[in-house]
Amino acid sequence: MDIQSIKNKFQELYQSEGTLYTSPGRVNLIGEHTDYNGGFVFPGAIDKAMVAEIKLNHTDKIRAYALDLNESAEFGLNEEDAPSQSWARYIFGVCREIQKLGYKIGGFDTVFAGDVPLGAGMSSSAALESTFAFALNDLFKLDIDKFRLALIGQATEHNYCGVKCGIMDQFASVFGKKDNLMCLDCKSLEYQYYPFNPKGYRLVLVDSVVKHELASSAYNKRRESCERVAAAIRARHPEVEFLRDASMEMLKEVKKEVTEEDYMRAEYVIEEVQRVMDVCDALIKGDYETVGQKMYETHHGMSKLYEVSCEELDFLNDFARKSGVTGSRVMGGGFGGCTINLVRDGLYNGFVREVTKEYKEKYGREPKIYDVVISDGSRKLEA
């Protein structure tokens, strides 16, 4: 990313210099649709990020400039001051959520830009929220802990952007650590770092550049399926709060009490929770072949049991398997977006070339290819 262009614009607009802050986007290696089932997710921060230059202006107004969009906004800090532009609402929401916690903040000037691809499932919005939450905590010396910063970002999505997201995206952006993935327990919010520095492999996202419209209603239906099965199991096993707490034996006990569709959804989730545990063990051993195998199993479960894949994603997954790629699966909620692929260095060039050609021949458009490297989370950038 061209940080100099941010600095130049800041100087042009405000005739001064501020402090630079950054927060990354994220990938999730495995653990999909497990968060609302009390399970585990396995994200990592990536080398694509938002960067903002910020300086306090000792007024009660925020002057913000989105360099990538060539748009500016000016707004106050009270609820009625909410800006109309959607990008500005992220910044406004972070300010409001900090104030709701009882902290005092004032106005500031900012210019920001990013290279987190929009709409590809790498959480550009969480990167933006985390950048400003981290920066304001530092500039106003608020001493808010990192978990609270992630929760501020999540509350911004809920209350100002209309997205009822889980905590994973903001957590990964704030807590990211180079060469490490994080296993986050979505029930207890405990987390642990696991080494991820796959020598001889690359992590590659292949963006199908499609987004099917079913996503939000389908997401809610699957969530309801999981809750119904958890309730059926809980009637026999009161200790089961979420599907994460259930075993396949418990699921089989209630097979006649739930619909075939609900059973399939629950089967995927219970198996996915176990797959995350298997990947934890494999990473400790540096066994990336097992990691890859589990990624393929996840894709199969998301496609056939949870039914959140689509023709284009299944094509990309099948192509990866035929090409000898170590691991591949749909990443994110499904119905479009990216596959995440663990590719041996020796296969990389051929895979990228061939998947681009074959996908374009079949669907009439080129997929986008993103190489990602696991990197650090929110931080101040030295000038």
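The model is predicted: local features need pLDDT of at least 70 and side-chain atom pairs count only at pLDDT 80 or more, while totals for chains, interfaces and linings use all residues. Residues are numbered from 1 along each chain as its sequence is written, and side-chain values use heavy atoms, with hydrogens and water left out.

**The second largest pocket**

A pocket here is an open set of points on a 1 Å grid over the protein atoms alone, where a 1.4 Å probe fits and protein lies on both sides within 12 Å along at least five of seven lines; lining residues have an atom within 4 Å of a point. Grid points are joined across faces, edges and corners, and the volume is the space filled by probe spheres set on the points.

Next, colour α2 (86-100), β6 (108-114) and α3, each of which supplies at least two residues of this lining. The most comes from α3, with three residues. Helices (H or I, at least four residues) and strands (E, at least two) are DSSP runs, numbered from the N terminus.

**The largest pocket**

Select Val163, Cys165, Asp169, Lys211 and Gly333, which lie nearest the centre of the largest pocket among its 39 lining residues. This pocket has a volume of about 1,200 Å³. At least two lining residues each come from β1 (19-28), α3 (124-139), α5 (168-175), α6 (215-236) and β11 (336-344). The largest share, four residues, belongs to α6. The lining comprises 16 nonpolar, 16 polar and seven charged residues.

**α3 against α5**

Keep α3 and α5 displayed: they pack at an angle of about 55°, with their axes 9 Å apart. Therefore α3 is oblique to α5. Axes are lines fitted to C-alpha atoms, for helices over the stretch in contact, and angles run from 0 to 180 degrees between N-to-C directions. Angles under 35 degrees count as roughly parallel, over 145 as roughly antiparallel, 65 to 115 as roughly perpendicular and the rest as oblique. The crossing of α3 and α5 is right-handed, that is, the near helix is turned clockwise from the far one by less than a right angle.

Show side chains for Ala126, Ala127, Glu129 and Ser130 of α3, and for Asp169, Gln170, Ser173 and Val174 of α5, which make the contact. Contact means heavy atoms within 4.5 Å. Three nonpolar, three polar and two charged residues take part.

**α2 against α4**

Move to α2 and helix α4 (residues 146-160), whose axes come within 8 Å and cross at roughly 115°. The two helices are therefore roughly perpendicular to each other, and their crossing is right-handed. The contact holds seven nonpolar, three polar and five charged residues.

**α10 against α11**

Helix α10 (residues 311-322) and helix α11 (residues 345-363) follow; their axes come within 11 Å and cross at roughly 145°. This crossing is right-handed. The meeting residues include Phe315, Leu316 and Phe319 in α10 and Phe351, Val355 and Tyr359 in α11. By class, the contact has eight nonpolar, no polar and five charged residues.

**Arginine 244**

Finish at arginine 244, in the loop between α6 and α7 (248-253). Leaving aside neighbours within four places in sequence, arginine 244 is in contact with Asn37, Gly38, Gly39, Phe40, Asp185, Lys187 and Val273. The C-alpha atoms of arginine 244 and glutamine 274, 30 residues apart along the chain, are separated by 9.1 Å.

Technical notes. Ala, Val, Leu, Ile, Met, Phe, Trp, Tyr, Cys and Pro count as nonpolar, Asp, Glu, Lys and Arg as charged, and the others, Gly among them, as polar.
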